[in-house]
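Please examine the sequence and the three-dimensional structure shown below. The paragraphs that follow lead through several parts of the structure in turn.

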Amino acid sequence: MEYDFLDKVAITNSHLTDTYENEIKVDVNVCIDWLTCMIPYTEHNFYNFLMLLKLDYDSFEETSGKYNNMFSFLRRYGDVVIKLPSHYTNPMYKDTFFEVDLSGQACRTFEDRKGSWYALLSAIVESGGHATRIDTPIDDFKGDLIPISEVVRKLRMKEYVATFQNLTVNGNLADIMNGNYGNFTVYLGRRGSDRSMCIYNKIGERIHAGVDVFATYWIRYEMRFAHDKADKLVRMIVDNGMDYFTELVTSSILCFLDFRNPTIAGIPTNDSNKSRWDIWLNWRYFLQATSKIKLRVQNDVESSITRKKIWFDKSIAGMITQFYLSSDSYEEFVHHLHLSIFKFLKEHRLDNVKFGVVINDRKKKGLEDLSYEDFIQKIELIAKKTPGKEFDIKDKIYYSQKLYKLPIYETAKKLNEEQATLEWACKTFGDIFEVIEQ
């Protein structure tokens, strides 16, 4: 009898938990790094998912077009993407879905907002929706049990039992085996299939993205589930609870890829049936130890805003230093620095995504949200530092709408605009924004 891939997970997990008695400690983390789901469109479901994602209804940017041949509108709530059908506003239509797409970065900001993975995954099931993609990586920060050089050597020599056939490498395997990891990626399985695995150097990927990291070793083993397999995994997580999550991840990896040694009872063999070969104990030890850890917030391990500041210190700081040394005086340098910030704000380049990073950073520091009044004080301080420059009423109204979704007329009154009447607001801003009457 042939079992479904995920039906084997519970069986495989027993091999992980019952075989080895000695406790092994590993420096790893397991997380959800991508989630895509399709949800039946109702107003209740839509508002419920915004609530679970901890997003404000009005804090989005919408574009229209043709997306996945199913959707006509794309809304960006910061890093979260929601796709809507053309007739989502018409309650007469039935069997209509909207898609929620959380990239890796969106998963991290979701955790920053104290979102609950279990509540979100449960809502997918309870709403009658289904998951279409979920990525569940294990990050190894030491490599003491399974050095990547040995993993790559075994892949190259085909010393494994697996459910995939395709193996694609971006990078030089010989270099990796010699310890020159660089920016490599190994793809196991066919891209676009219902399950695949990706092994890559996370440090190289982060550096390539312009981000600095503390770790000296960081290899990611990432299982990617799609279509029915993604939905089945989500339902298994919901049925068993998040405490079972790491066991599901490690067991699914072992079902997909089980490294072996070319020996039987310690004696070298040419047996073509690799399932009879001795298991590579370190691979099992690694997965067993990983299965016992609890799901942690990935940003506690990998803080995006901290990394950006480090990257600023090491990369941008060099350019600023050169600019400072080439200035006639310190005063000229500071003036141009203030002028650059002023231009950035004056040209309305601060959008919801960048502002969302600011809000998340303040929360991590234990600071209160930046109110609109505080925001105005900050930008006016920059204007004062740049003689002859100022933010006018249209700039302030722009940011009140863009970042805070405040009514124009009421905002103008707060700004002590003497002519702030509804008629004035309609005449002044009606061609730019929708004027909300209070």
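Predicted model: local features only at pLDDT ≥ 70, side-chain atom pairs only at ≥ 80, totals over all residues.

The chain as a whole may be considered next. The protein chain contains 18 helices and 16 strands. Of its 438 residues, 47% are buried. Among the contacts with a separation of 6 or more, 69% are made by residues 24 or more positions apart.

Which strands pair with E2? One partner is strand E7, residues 130-140, which runs antiparallel to E2 and is joined to it by five bridges. Another is strand E6, residues 97-102, which pairs with E2 in the antiparallel sense over six bridges. In general, the strands of a sheet pair through backbone hydrogen bonds, in either a parallel or an antiparallel manner.

The loop between strand E1 (28-30) and E2 contains Asp33. Is Asp33 buried or exposed? Its relative accessible area is 12%, so Asp33 counts as buried, because the term applies to values under 20%. Leaving aside residues up to four places away in sequence, Asp33 touches Ser103, Gly104, Cys107, Arg108, Asp135, Pro137, Arg220 and Glu222.

A further sheet is built from three strands. This sheet is open, its order is E8-E13-E16, and its pairing is antiparallel. Strand E8 (160-162) and strand E16 (278-279) lie at the edges with a single partner strand each, and therefore one side of each has no neighbour in the sheet. Three bridges connect E8 with strand E13, residues 257-261, in the antiparallel sense. Tyr160 has Phe259 in E13 as its bridge partner. Helix H9 packs on this sheet, where it touches E8 and E13, and the direction of H9 makes about 60 degrees with that of E13. Helix H10, residues 281-291, also packs on the sheet; H10 touches E13 and E16, and its direction makes about 145 degrees with that of E13.

H9 covers residues 245-256, and its 12 residues reach 17 Å from the first C-alpha to the last, close to the 16 Å expected at 1.5 Å a residue. Why is H9 described as largely enclosed by the rest of the structure? The reason is that 11 of its 12 residues are buried. Among them are Phe245, Leu248, Val249, Ile253, Leu254 and Phe256.

Leu406 is located between helix H16 (393-402) and helix H17 (408-414). With a relative accessible area of 21%, Leu406 is partly exposed. Leu406 and Tyr372 are 34 residues apart along the chain, and their C-alpha atoms are separated by 9.2 Å.

Terms used:
Residues numbered from 1 in each chain as written. Heavy atoms only, no water. Pairing = 2+ DSSP bridges. Helix = DSSP H or I, 4+ residues; strand = E, 2+ residues; numbered from the N terminus. Expected span 1.5 Å × (residues − 1). Buried < 20%, exposed > 50% of the residue type's maximum accessible area, 1.4 Å probe, protein only. Contact = heavy atoms within 4.5 Å. Axes fitted to C-alpha atoms, helices over the stretch in contact; angles between N-to-C directions.
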